Amino acid sequence: MADAITPPPRRPVRIWAASDLHGIDPATLAVQPDGCDLAILAGDLCPLADMSIRAVNSQPAWMNVVLGEWVASRPETQFVAIPGDHDVFLKRRDKPVMRGTVPTARRGDVSLPQNFHLLIDEGVDVCGLRVY
């Protein structure tokens, strides 16, 4: 019987997590994901001053510019974001989300770097882990 080959030890995955940014520029956070393999952003990413159509329709621009530039500045880190209830423009479109109105902003309006994974009822394999 042949000896089993032992695989080399796997380096631990370094994980950084934040939640409830509510539109705060992540570059201003006291603790940054420097040196981390995986950064998890859990819920309420976007600013939402009120439930107006204008406020909701401005959310994709914040994600593209503010969040996008911050993510792009860390290409060595994989980012996983799970939207919260304040990320209104990412909600389902088969029913009105606010007082009988439907905002025009859509998930397709967001164009973020390849190391950014936006999860809505789905999972992704990153850094050897399955994240839901």
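Predicted model: local features only at pLDDT ≥ 70, side-chain atom pairs only at ≥ 80, totals over all residues.
**Entry 1: G84**

I then checked where G84 sits, and the answer was the loop between β3 and β4.

Buried or exposed, I wondered about G84? Its relative accessibility is 19%, and the cut-off for buried is under 20%, so G84 counts as buried.

**Entry 2: the whole chain**

Next I stepped back for an overview. I counted two helices and six strands in the protein chain, and along the sequence they follow the pattern β-β-α-α-β-β-β-β. The chain has 132 residues, and 37% of them count as buried. For contacts between residues at least 6 apart in sequence, I noted that 67% join residues at least 24 apart. The exposed surface comes to about 7,900 Å², with carbon and sulfur atoms supplying 56% of it.

**Entry 3: confidence**

The chain averages 86, and 85% of the residues score at least 70. Where does pLDDT stay under 50? I found that stretch at residues 94–98, for which the model has 14 contacts beyond four places in sequence.

**Entry 4: helix α2**

Then I turned to α2, which covers residues 59–72. This helix of 14 residues reaches 18 Å from its first C-alpha to its last, close to the expected 20 Å. I wrote down its buried residues: Q59, P60, W62, M63, L67, G68, W70 and V71. Which elements do these pack against? My list reads β1 (15–19), β2 (38–42), α1 (53–57), β3 (78–82) and β4 (116–118).

**Entry 5: the cores**

Last, I went through the nonpolar cores. The largest has 25 residues, and L41, M63, L67 and F116 have the most contacts inside it. At least two residues of this core come from each of β1, β2, α1, α2, β3 and β4. I saw that α2 gives the most, with five residues. Apart from this core lies another, of six residues, including V80, V124, V126 and V131.

Setting aside neighbours within four places in sequence, I found L67 in contact with P26, L41, W62, L112 and F116.

Terms used
Residues numbered from 1 in each chain as written. Heavy atoms only, no water. Helix = DSSP H or I, 4+ residues; strand = E, 2+ residues; numbered from the N terminus. Expected span 1.5 Å × (residues − 1). Buried < 20%, exposed > 50% of the residue type's maximum accessible area, 1.4 Å probe, protein only. Contact = heavy atoms within 4.5 Å. pLDDT = per-residue confidence, 0-100. Core = buried A, V, L, I, M, F, W, Y, C linked by side-chain atoms within 4.5 Å. Areas by Shrake-Rupley, 256 points an atom, 1.4 Å probe, with all protein chains shown as cover.
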